[in-house]
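Please read this report alongside the sequence and the structure. It takes up a few local features in turn.

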Amino acid sequence: MTTKLLANPGNLAQTLPPSSKSNYGPLPLPSKFFNSQSQSPPQILCSCNRFLRPLRASPVHDDDKPPPLSLSPSPPSSSSSTTTTTTMTTNDDDDESILKQQQEEEAREAISEILQEFGASKEDSVDIALRSPKYLAMLIDSVRDLDDISLWNPWTRKKKKEQSIGIGCQQQQQQQQQQLRPEENEEEEQDPHPLPPPPVSLKEKVYYMAKEKGDKGMLPFLESLGLTLPSATLLARYLSAHTLPHLIHKVKYVKAMFFSNSDDEVCIGKKAREMMMNLSIPIDEDVQQTLSFFEKIEARRGGLDMLGSGDASFRYLIESFPRILLLSLESHMKPMVKFLEDIGVPRGCTRNILILFPPIIFYNIENDIKLRIQAFEKVSAGNKDFGRLLLKYPWILSTGIQENYKEIISFFVMEKVPKVCVDLAIKSWPLLLGCSIRKLKMMVGQFGELGIRNKKLCQVIATSPQLLLRKPQEFLQVVVFLRDLGLDEEAIGGVLGRCPQIFASSMDKTLKKKLDFLTTIGVSKGHLCRVIRKYPELFVCDVERTLVPRLKYLMKTGLSNRDIAFMVNGFSPLLGYSIEQVLRPKLEFLVNTMGKPLKDVVDYPRYFSYSLERKIKPRYWVLKGRNVECSLKDMLGKNDEEFAADYMGFGRMLVDTTDVREKCHLKDG
């Protein structure tokens, strides 16, 4: 008799032929499968059709002649093995993922239920549960910790007992019932075969754990706002006196107050960046906190352009100014909004002030804001004007800015610039309030080198106060640019006094672009100096919206590019005139009424500088009545005395204005 051993009993059903599986007797197993304390070999469960029956290992005789069994089944090919392993791993991962999702869903349901118990609406509770993943993970981890040490059943029974016992009358009633039924209690206590406690579901475990945390739903709600769990935990301690519904209502109001109507998110971010760039003074605590808030937003994707977005910024607003949630809606926040509207801030624009300077929400209206407004009474004509000033520069109420304002006034008084002029400059460009005296001295010194002092300085800062905020090197770049065009220091000073906006313009986007345009239309390099000196305002005219349309109109009337270049060389302001108010009516009168050719205006482009009603028409009708023909220059270039002496025989011009108007109307008709 020969004994054959099966290497893998688990493969028995796969190895035996279907027709002979039931013919095999018990098969012996190697000794390592035997229990050292047992005298009989272990049993193996073998699957036959739908039934499981035990097989005991025993020897197999040669007479039975079973089909040969392989002790080591041939290994599958490497490719099939890899595929099988990958498939099993993928299936395991999918199962784990599905199980994890189910557990998280149960946990979310538990959080939603407990939030509703604390007063949140069903809609809010579901939203909070979905938006608080860290809180959910913390509860699940706590549940697993108790699972690992098998403490759930005793712990939950204790909690259930505590909840069911209650206090007061419930305790007394239970004691009375126990006294009335002592025998039943003894029987229950002496039950020799107590039933095992029912298993606790994950949802119940999470519910109990959330109850045990004692945060009254504050933690998941604060996390749903975007706060980190540590920040939410810290803030929840200060909000312990609030109920969850009250806090939810307050948060909705604060969001609407800071971020409603956020169509100009990019504009708010641009304004914040501008205020930061033009701040060069020591700052107080309120401005410092505001800058820290801006820096948090700047570090996010989108930067400060996302400042006006509630979804992106609200979390950082609460982290930077957590005391906002401690303020009363009725006694503080709502009166603040009403006050801002009362001093001239347009409805819907209060959020611009609040988001650019959040500490203002903590100010006392009577003791802080109204007192600080009084310092700017002469800058603004009244409260309504101050509201617009506050909208331009919300930091104006900070203590640091208020102190710097006094220093600015003192500095310009020393420079013999009247306070009225300084206040006018601040009103139009309040960013000056954040400029240090050291920087102002540098710029005023640059102006002085070009001859701009005293009254001229007053004119410059009143018309272009933003020029004081330029960097000295940027100002010198414009000076060098004009010098390269052929202007001397005196001429450059004249340009600065007449059109200071040029020195606040960008070299590449404005000045060089205008210079290229003049060159393109045919203004020679030799004439550029004269053109700029006579009419520097060309450098502040928009090329696409102003200069090009006027050029096209003149060409449409029949003037050539060469004619226009000749006219600009002789009369620089030509392209500075409006089409509808100047060019069209004067050209139509020249051609249709006076009957003169366009060539006359090419020879004398200064024709466009004279008033049509006060000079061109009256003199034309005088010459027309006397049948006098003359050039445009002779007709308009003389003063009244010269014109009267040459064409009327009087020492001064005597014209019946009423008669002229009547003739003009008749002729035009």
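## Backbone at two residues

Lysine 416 sits in the loop that runs between helix H19 (399-414) and helix H20 (419-428). The model is a predicted one. The phi angle of lysine 416 is near 60 degrees, which is a positive value in a residue other than glycine. Lysine 416 has a relative accessible area of 63%, and because the cut-off for exposed is over 50%, lysine 416 is classed as exposed.

Asparagine 454 also has a positive phi without being glycine, with a value near 50 degrees. Asparagine 454 belongs to helix H22, which covers residues 454-463. The relative accessibility of asparagine 454 is 39%, so this residue counts as partly exposed.

## The largest pocket

The largest pocket has a volume of about 490 Å³. It is lined by 14 residues, and those closest to its centre are Glu274, Met277, Asn278, Leu469 and Arg470.

Helix H12 (residues 265-277) gives the most to this lining, with 4 residues. By residue type, the lining of the largest pocket holds 7 charged, 5 nonpolar and 2 polar residues.

## Salt bridges

Side chains of opposite charge can pair when their charged atoms come close. The structure has 24 salt bridges. One of them joins lysine 252 to aspartate 124, with 3.5 Å between the closest N and O atoms. Lysine 252 is in helix H11 (residues 244-259) and aspartate 124 is in helix H3 (residues 122-130), so this pair ties together parts that lie 128 residues apart in sequence. Another salt bridge is formed by the side chains of aspartate 305 and arginine 273, at 3.7 Å from N to O. Here aspartate 305 is in the loop between helix H13 (285-298) and H14, while arginine 273 is in helix H12, so the pair ties together parts 32 residues apart in sequence. Aspartate 305 is partly exposed, at 29% relative accessibility, and arginine 273 is partly exposed at 29%.

What separates arginine 315 and glutamate 319 in helix H14? The two are 4 residues apart in that helix, which means a separation of about one helical turn. Their side chains meet in a salt bridge, with an N to O distance of 3.4 Å. Arginine 315 counts as partly exposed, at 25% relative accessibility, and glutamate 319 is partly exposed at 25%. Elsewhere, Glu109, Glu113 and Lys203 are linked in a network of salt bridges.

## A nonpolar surface patch

Leu234, Tyr238 and Leu326 make up a nonpolar patch on the surface. Together they have about 310 Å² of accessible area.

## A buried asparagine

Is asparagine 352 buried or exposed? Its relative accessible area is 14%, and because buried means under 20%, asparagine 352 is classed as buried. This residue is part of helix H16 (residues 350-356).

Asparagine 352 and alanine 272 are 80 residues apart along the chain, and their C-alpha atoms are separated by 10.0 Å.

Conventions. Residues numbered from 1 in each chain as written. Predicted model: local features only at pLDDT ≥ 70, side-chain atom pairs only at ≥ 80, totals over all residues. Heavy atoms only, no water. 1 Å grid on protein atoms, 1.4 Å probe; cavity = no way out; pocket = protein on both sides within 12 Å on 5 of 7 lines; lining within 4 Å. Points joined across faces, edges and corners; volume = space filled by probe spheres on them. Nonpolar A, V, L, I, M, F, W, Y, C, P; charged D, E, K, R; others polar. Patch = residues over 30% accessible without salt bridge, like charges linked within 9 Å, V, L, I, M, F, W, Y side chains within 5 Å. Areas by Shrake-Rupley, 256 points an atom, 1.4 Å probe, with all protein chains shown as cover. Salt bridge = Lys/Arg side-chain N within 4 Å of Asp/Glu carboxyl O. Buried < 20%, exposed > 50% of the residue type's maximum accessible area, 1.4 Å probe, protein only.
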